Amino acid sequence: NCLSYIYRAALKSQPSMKDLGKRLRKHCPQATDDMLHLLASLWEKEGMGSRPEMPVKVNELVDIQWRLSVPLAGSPSQTVFLNKPLVTLSLTTRDRSAGGALKVTTMDLSYASFLELTQSMSDLNTAMQALESRQGNPSSPAS
């Protein structure tokens, strides 16, 4: 979640109260003064100088399956997809907050939506590589 991300980032860089306040104002312009005072208070009590491990439960991607199809018939509500390429993605994830239960999410994407998804993933990869290199842990992209 957002607060967890901000807290972990602040723990790594150990900013002063003034710098933390400036960063929060810049990146969270919608934050109220009460919220900022609460965060400052927590940072003063818990953050500076301490480095507690924050348990982060991130889902794990177990499997990706895809299928390319061109629907030739369908219901009247599906006519927009007829005779056009359709990508079906099935993502299997392990939900660590639910004891490791597997969850399958399936989605159908038009070609335009699939291109948008691949561009977003490329942008995300670029951002993650930049973040890794700033932290001194250059990652090696998978081929």
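Does Arg 94 count as buried, partly exposed or exposed, and at what relative accessibility? At 29% relative accessibility, Arg 94 counts as partly exposed, where buried means under 20% relative accessible area, exposed over 50% and partly exposed in between, with a 1.4 Å probe and protein chains only. The model is predicted, so that local features need pLDDT of at least 70 and side-chain atom pairs count only at pLDDT 80 or more, whereas totals for chains, interfaces and linings use all residues. Residues are numbered from 1 along each chain as its sequence is written, and side-chain values use heavy atoms, with hydrogens and water left out.

Strands are DSSP runs of E of at least two residues, numbered from the N terminus, and two of them pair if DSSP finds at least two bridges between them. Strand S1 (residues 60-69) runs antiparallel to strand S2 (residues 86-95) and is joined to S2 by nine bridges, with Asp 63 opposite Thr 92. S2 is in turn joined by 10 bridges to the antiparallel strand S3 (residues 101-110), where Asp 108 stands opposite Thr 88. Five residues lie between the strands in the hairpin of S2 and S3, in which Gly 99 takes a positive phi near 70 degrees.

A salt bridge places a side-chain nitrogen of Lys or Arg within 4 Å of a carboxyl oxygen of Asp or Glu. Glu 60 forms one with Arg 94, the closest N and O atoms being 3.4 Å apart, and this pair links strands S1 and S2 across 34 residues. Arg 96 also forms a salt bridge with Glu 60, at 3.1 Å between the closest N and O atoms. Shared partners join Glu 60, Arg 94 and Arg 96 into one network.

Definitions and conventions
Helix = DSSP H or I, 4+ residues; strand = E, 2+ residues; numbered from the N terminus.
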